[in-house]
Amino acid sequence: MFARGAVPLRWSRGLLLRAGSNRRSGLSAMAAGGGRGEEGQLGEFLEYMDRLRNYERSGVPRGAGTDSDDGFDLGRMGRLLRRLGDPHTHYPAVHIAGTKGKGSTAAFLSNIMREQGYNVGCYSSPHLLTIRERISVGEHGGPVSAALLRDLFDQAKEAIDESVESENGALTHFEVFTALSFLLFSRENVDFAIVEAGLGGTRDATNVIRNNELAVSVITTIGKEHLAALGGSLQSIAVAKSGIIKEGRPVVIGGPFSTEVEQILRDRAFLTQSPIISACDSGVRSITRCIGWDYAKPYQSCDIVVKISNDRPLSMELHDVKLQLLGDHQRQNAVTASCTALCLRDLGWDVSDASIRAGLEKTQLPGRSQFLTQDEASVLGLDGASTILIDGAHTEASAKALADVIRTVEPEGPLALIIGMADDKEHLAFTAQLLSGRRPDVVLLTEARIAGGTARSLPASSLRDIWIGVAHDQGIECADIGVVTSDRISHLADASSDEPKPMMIGCGDGPFSYDLMKAASRLLHGLRRVEGGGAGASAGLICVTGSLHMVSSVLQQLEQQQ
């Protein structure tokens, strides 16, 4: 049974940083976007962070997310936070883990609670354009300002230096930035924080949140990502993520899950005497009614109905909710966030149905089924005729979701995919899912810049071999067009044969750049001409995917050209 009132609306604050440090109010004015001008204020901070061990750049060690001798040392994070005054104990938190969907769920929930008027802190990862995106605080959201982050670091640096020395340099980039986010939330007097786990759950640096501070834990999905780091099986991944479930605190599970995986989560909840709310409960129903377009961008109109009869019933009925995040998976994330908001309401928080609707409709995330405007495409030097979709899909499940989005909203005309991936992903399963949807006419493979380099990127030639192999297995005729050069593209685009063309597969020359998007546009233009498209015909769809780092590259190039 839920303990109503167990999570107070205001928690007392303890000593922060140094005695006599100046607590400032009204410092949570957020930047509206990446803000290249602001980044200049973070030079010393970014240099300091760059010297720390960064597993996003080097890859996560085997077993690092498991509750074993190979797992990350959570005590190290606790010792750092003690030097900073244990800021994570000064406010209640919603803790979110999951293979996919945790970032979207966190964004949905943050906007719901902001619509209700709460001062919300949200911590998520990774970022696309600036590390400031990982932290938002206040009633309006948006990346934390560079000035606020810089000042916070300046005041915390002495304590961080002491921790780095005492831990013999073992503190990581993620641990330090997570600690800074917790410190910022405390200084800014948030009503509560929404915290997204980085890897797994049990040994993740965010899992210092105790049951006294935890309002609700949320587990969105369980899938085969970071297998080696999380124990090697779907079951071990479920065990790792279930580690965020705490004694006596409710847990919302998203799903859908396999029977075995869901049982692992329910067993953990039983052991911790944690009430469990399932977003796939028989009393939860959601459906997409139609796809609409608003200012040349699509949305899905959904009905979401929650009528759960447990010890304390949760109830909500919303119709014609216009979600800017597309696909069945995003609708399910919206349902998970709604169930979490209803759970908070049951715990005593003021959360209206109107705020839930407004928060869901307001939410948009760069790089998640994001359609560029014609003006944005023109800035990148594209002709504006092709629709541009960027999506950070990089797992089997997200590839399936992307294929569903393309099938749902694609305009008439040919389809081109531009793909770059990290070397530790399920490339075969990812490829098979994309080829099971609308068959692309052009596939261009490239190398994604991951954390500033290509050390963790799968070579484009290896990706090409995978795509050719999977296409052959699925009976899809394809033609290897080799390395994409200007002359080669001109020759292919000018081809005038009226014969049906096999799927063209080629490689970019070096790391991804928007020149590859121009090449795809020229190839689609040639296909459109051969197929007899007139002046009013659609030049098709170009989709950039395979990694959030690919999406980041597009957005960075867009920002630089504007």
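Modeller: Helices are DSSP runs of H or I with at least four residues, strands are DSSP runs of E with at least two, and both are numbered from the N terminus. This is a predicted model, in which local features need pLDDT of at least 70, side-chain atom pairs count only at pLDDT 80 or more, and totals for chains, interfaces and linings use all residues. Residues are numbered from 1 along each chain as its sequence is written, and side-chain values use heavy atoms, with hydrogens and water left out.

Biologist: Is serine 104 buried or exposed?

Modeller: Serine 104 lies in helix 5, which covers residues 102-115. Buried means under 20% relative accessible area, exposed over 50%, and partly exposed in between, with a 1.4 Å probe and protein chains only. The relative accessible area of serine 104 is 5%, so this residue is buried.

Biologist: Which residues does serine 104 touch, not counting residues up to four places away in sequence?

Modeller: A contact means heavy atoms within 4.5 Å. With residues up to four places away in sequence set aside, serine 104 touches Leu325, Gln330, Asn333 and Leu365.

Biologist: What is the bridge partner of isoleucine 308 in strand 10?

Modeller: Strand 9, residues 297-308, runs antiparallel to strand 10, and eight bridges join them. In strand 10, isoleucine 308 has as its bridge partner leucine 314.

Technical notes:
Two strands pair if DSSP finds at least two bridges between them.
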